[in-house]
Amino acid sequence: MSRADRLERLDTRRVELEAEYEQVLLEALRKVAAGSWGLFDHNQDRATRAKWKPVITDLCDRGEEIDQMRDQLGLQPFALHEEFEASRGPVSTNAPGEPKQAKAWLDRLGKEL
């Protein structure tokens, strides 16, 4: 198999993984927009963290795999994952709550609840 064929297959797989990542993220955002807290880790509550850990781990693992593929293909890092990671963690007390933040994400991504 030629290098071009390998890169084409890698790029096809990357596109598939990015679509899967977006789907998992959208499902999580819809859940948070409906009132479930924890995806963005604003409260830093142990029980909430434990509840969301499988989703966060899945998104991070997929994001890392996508970034490795993008690096091999000479592409920029996966922006959606970078934005998601940057949006997590402690926020000021007057910051919008996680449900509002999730709705804003869905609006920005052009997706509905």
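A salt bridge here is a side-chain nitrogen of Lys or Arg within 4 Å of a carboxyl oxygen of Asp or Glu. By that rule, a search of the whole structure turns up nine salt bridges. The model is a predicted one, with local features requiring pLDDT of at least 70 and side-chain atom pairs counted only at pLDDT 80 or more, while totals for chains, interfaces and linings use all residues. Residues are numbered from 1 along each chain as its sequence is written, and side-chain values use heavy atoms, with hydrogens and water left out.

One of the bridges sits inside a helix (helices being DSSP runs of H or I, at least four residues, numbered from the N terminus). Arg14 and Asp11 meet at 2.7 Å, N to O, and both belong to helix 1 (residues 3-33), three residues apart, about one turn of the helix. For accessibility, buried means under 20% relative accessible area, exposed over 50%, and partly exposed in between (1.4 Å probe, protein chains only). Arg14, at 10%, counts as buried, whereas Asp11, at 28%, is partly exposed.

Other bridges span elements. Glu20 and Arg62 pair up at 2.8 Å, N to O, linking helix 1 to helix 2 (residues 46-72) across 42 residues. Glu20 is partly exposed at 34%, and Arg62 is buried at 18%. Both residues also belong to a salt-bridge network with Arg13, Glu16 and Asp58. Glu83 and Arg108 form another bridge, with the closest N and O atoms 2.8 Å apart. Since Glu83 is in helix 3 (residues 79-87) and Arg108 in helix 4 (residues 98-108), this pair ties together parts 25 residues apart in sequence.

Now to the rings. Rings of Phe, Tyr and Trp (its six-membered ring) pair if their centres lie within 6.5 Å; planes under 30 degrees apart are stacked, over 60 edge-to-face, and the rest tilted. The count comes to four aromatic pairs. Among them, Phe40 and Trp105 are tilted, at 6.3 Å centre to centre and 40 degrees between planes. Phe40 is in the loop between helix 1 and helix 2, and Trp105 in helix 4, 65 residues apart. Phe84 and Trp105 have centres 6.4 Å apart and planes at 85 degrees, so they are edge-to-face. Phe84 is buried at 0%, and Trp105 is buried at 6%.

Note on methods
Helices (H or I, at least four residues) and strands (E, at least two) are DSSP runs, numbered from the N terminus.
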